[in-house]
Amino acid sequence: MQALGLVLDDRRDGFDEICARKTSAIHRDTRHLMEVWRQLDETGGFIVGIHIPSRRLANLLNGISLYEPIDGGRDFRVRLAGSAVLRRFGRDVAHLRLSEVFEKEHLAFHRSGMRQVYRSGTPFLYRAEKQWQGQRHALFEVVCLRVYSPDCRDSWILSGQAGLPADFAESPETG
């Protein structure tokens, strides 16, 4: 289905997503999110409801997703998903579990990265390429960061995604 120029529920139409871990961010939005997160992490932590939403991150909100761990990180529930997330997944993923968002063959990649963030606090950075019939359709850079729940009792995962030009070419400097 297509609405307002977006292909919705594209999983049935031959779309696939290829993901690869990365060591550094190149998009200004993901770099900005990581910089704000690092500053807050050094001074007590990034707290949902206090540090987001905020003016400092207002331009990034449409690409933000917030995940709450379930059963010690065996799965993660999407608490919030910005409007740009719709483009990547082709549907609204809010309130779904990670295991309901990703197909089985991709779930292990995402779950292991989210568990890394949840358990160690180490950011998880990757690029997701949406392909249709073997051709690149869209490219996203995604960073997942450990943040604190509004009551500061639990660690959650904040994910920020930014679209890269579909013709973006990987190089050793951007890998």
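Predicted model: local features only at pLDDT ≥ 70, side-chain atom pairs only at ≥ 80, totals over all residues.
Local features require pLDDT of at least 70 and side-chain atom pairs pLDDT 80 or more, whereas totals for chains, interfaces and linings use all residues. Residues are numbered from 1 along each chain as its sequence is written, and side-chain values use heavy atoms, without hydrogens and water.

An open sheet is formed by 6 strands in the order β3-β6-β7-β8-β4-β5, with antiparallel pairing. Strands (E, at least two residues) and helices (H or I, at least four) are DSSP runs, numbered from the N terminus; two strands pair if DSSP finds at least two bridges between them. The edge strands, β3 (15-21) and β5, each pair on one side only. Antiparallel β6 and β7 are joined by 9 bridges, and Phe-124 has Cys-144 in β7 as its bridge partner. Helix α1 (residues 28-42) packs on the sheet and touches β4 (64-70), β7 and β8 (155-164), where contact means heavy atoms within 4.5 Å.

The largest nonpolar core holds 20 residues, of which Tyr-67, Leu-98, Met-114, Cys-144 and Ile-157 touch the most other members. Such a core is a set of buried Ala, Val, Leu, Ile, Met, Phe, Trp, Tyr and Cys residues joined through side-chain atoms within 4.5 Å; buried means under 20% relative accessible area, exposed over 50%, and partly exposed in between (1.4 Å probe, protein chains only).

Val-93 lies in the loop between α2 (83-89) and α3 (98-101) and is buried, with a relative accessible area of 2%. Leaving aside residues up to four places away in sequence, Val-93 touches Val-78, Ala-81, Val-85 and Val-101.

Definitions and conventions: Axes fitted to C-alpha atoms, helices over the stretch in contact; angles between N-to-C directions.
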